[in-house]
Amino acid sequence: MRIARFLIIVVALGLGGLGGFVAYAWEHAIDPIDPPQRTAFDPALVKHGADLAAVGNCNVCHTAPGGKVFAGGLALPTPFGTIYSTNITPDPETGIGRWSEEAFIRSMREGVDREGNHLYPAFPYDHFTRVTDDDNRALYAYLMTREPVRAETPANELPFPLDQRMVLAGWKLLFFREGAYQPDTAQSQTWNRGAYLAEGLGHCGACHSPRNAFGAVRTDAHYAGGESEGWTAYALNADSPAPIPWDVDSLTQYLHTGWEPRHGVARGPMAPVTQNLGALPETEARAMATYVASVMGEPTPEKKRRADALLAAETTHPPGVQVQSAGSQTAPVLPANAQRGAAIYAVACSSCHDAGRPLPYGGLRLDHSTAMYGPTPANPINVILNGLPAPEGERGPIMPGFAGSLDDGQIVDLLAYLRSTFSDEPPWEDPAPLVARLREAGVEAGVYALDSGSAAPANPSKQETTW
Ligand code: HEC
Ligand code: HEC
Ligand code: HEC
């Protein structure tokens, strides 16, 4: 990342030298107000704001582990340093209690705080800028009627000159395109609703699109796959690695309930996304699914053939039998490490993943799992190391973690077996360093909302996120 940092410095200094830059970068302060009374807001507007806040995952980023919802203080690691989310409760001193509606709308639209400081794009305002003024008013009403919490935001840990918020004006000039969502009149209302939510509040591209050296989402690689907190956020465009292609129905169920019979459960940073979406009417998930399915497009005939073959095969492949792209099975020709992995699989994994128990509590047939076909083994490594915790209200984990029983070498062998047996993709590039790094990180594998009827909270603000 040294190069990235160097480039940023050059750009910052270069822009800083331009006449008029300071004038460009300067934003005026908006006068503080006396915190409004809760009763000043229409309850229907507040309820609408709660739904929108769920789409925006505001609770996920603005809640520190063990902290109060929306009180901020969550450390967000970026390649450039650590940025802390702020307190967005209506506390007048440490939160946004003195922010007028105008100041709030400006922060969402332009990424500028009440005092006129530029905000870091770790706050995904590059997406939130698409939100309409009406929806921002509802969000404001919702936030201003939450419990005020006194909580100072820790200072960011960023090197000079990135700690200077003025630099962000240069970043915005290069990468930020401000403006509310413009409907595409050639598309249906449902599609437009989905695009509005996904591109705006849902900020799907913040994780599912790659970023450039300046940390900006690459507009030339929309939904081409990205990274989030040690997890791979798979491509959601024509490059989707899912072996069973997604369609509107499967995407709707996955987004709304956190799992789908042919694709498994949502894990890692995707788990709270689906948990939040589970609190909304299913029509919202369906709208997003309609949009995402159109971005993915129809699967190629080759992908269709592969999926048909996988679905036609009644049981999963007995250990040691490789999958071919046309679905035909051939005699095993496993390299030595994959053979060692096969023995581990037979003992540790097969009893659940080959048992044919229905999801979400049974394990998916792994030849149906995107995790086997993805560009990196990050997600299966996280799942193998840490397992999958019990969904809310359930006692046992749905999958145990193997960090204590498998060493790095055994996991590397297991991965060689999984990849060669359950996918037709070439082997992952030496996964050993990644296994070591992810073991060290011990990332959260959170599973939520496995049953949209009972597990999804009606109001995300009432629920203490552990996140
Ligand atoms: C991906 C993480 C993330 C999500 C999701 C997120 N925020 Fe933030 N937000 C941040 C960070 C980080 C900051 C602080 C940025 C800075 O210090 O420059 C911030 C700052 C803000 C600010 C400015 C507050 C201040 O005191 O300066 C507001 C307002 C805000 N967020 C509202 C929201 C709302 C409303 C939502 C949901 C619609 C939301 N955020 C979702 C990370 C996030
Ligand atoms: C905070 C990062 C983040 C955000 C925001 C996010 N995702 Fe994800 N998403 C992920 C990760 C990580 C995975 C992989 C999860 C796994 O392996 O279970 C994923 C998985 C998925 C999958 C399954 C892909 C497959 O082939 O298995 C779909 C579909 C999806 N996300 C859609 C969306 C949509 C639609 C949105 C916006 C509403 C969204 N995501 C927002 C991180 C994110
Ligand atoms: C006690 C039963 C159990 C055991 C043992 C088990 N799993 Fe799982 N596993 C599950 C369940 C349940 C899920 C969640 C449903 C799903 O998505 O497959 C899961 C999910 C997964 C996933 C994600 C699949 C997807 O894309 O949704 C992978 C990969 C995985 N397990 C690999 C393994 C490996 C490798 C082993 C052996 C080291 C193993 N599991 C052992 C029950 C188990």
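Colleague: Before we start, which pLDDT do local features need here?
Modeller: Residues are numbered from 1 along each chain as its sequence is written, chains are lettered from A and ligands numbered from 1 in the order in which they are written, and side-chain values use heavy atoms, with hydrogens and water left out. As this is a predicted model, totals for chains, interfaces and linings use all residues, side-chain atom pairs count only at pLDDT 80 or more, and local features need pLDDT of at least 70.

Colleague: Thanks! How many aromatic pairs are there?
Modeller: Rings of Phe, Tyr and Trp (its six-membered ring) pair if their centres lie within 6.5 Å. By this rule the count is 15.

Colleague: Is the pair of Tyr-223 and Tyr-291 stacked, tilted or edge-to-face?
Modeller: Planes under 30 degrees apart count as stacked, over 60 as edge-to-face and the rest as tilted. The ring centres of Tyr-223 and Tyr-291 are 6.4 Å apart, and the planes stand at 75°, so the pair is edge-to-face.

Colleague: How many residues apart in sequence are the parts that Tyr-223 and Tyr-291 tie together?
Modeller: Helices (H or I, at least four residues) and strands (E, at least two) are DSSP runs, numbered from the N terminus. Tyr-223 sits in the loop between helix H10 (205–208) and strand S3 (226–228), while Tyr-291 belongs to helix H13 (residues 282–296), so the parts tied together are 68 residues apart.

Colleague: Is Tyr-223 buried or exposed?
Modeller: Buried means under 20% relative accessible area, exposed over 50%, and partly exposed in between (1.4 Å probe, protein chains only). Tyr-223 has 1% relative accessibility, so Tyr-223 counts as buried.

Colleague: And which class does Asn-386 of helix H18 (residues 378–386) fall into?
Modeller: Asn-386 is found in helix H18. Its relative accessibility is 30%, so Asn-386 counts as partly exposed.

Colleague: Are H3 and H7 roughly parallel or roughly perpendicular?
Modeller: Axes are lines fitted to C-alpha atoms, for helices over the stretch in contact (heavy atoms within 4.5 Å), and angles run from 0 to 180 degrees between N-to-C directions. Helix H3 (residues 43–56) and helix H7 (residues 133–144) pack at about 100°, with axes 7 Å apart. Angles under 35 degrees count as roughly parallel, over 145 as roughly antiparallel, 65 to 115 as roughly perpendicular and the rest as oblique. So H3 and H7 are roughly perpendicular.
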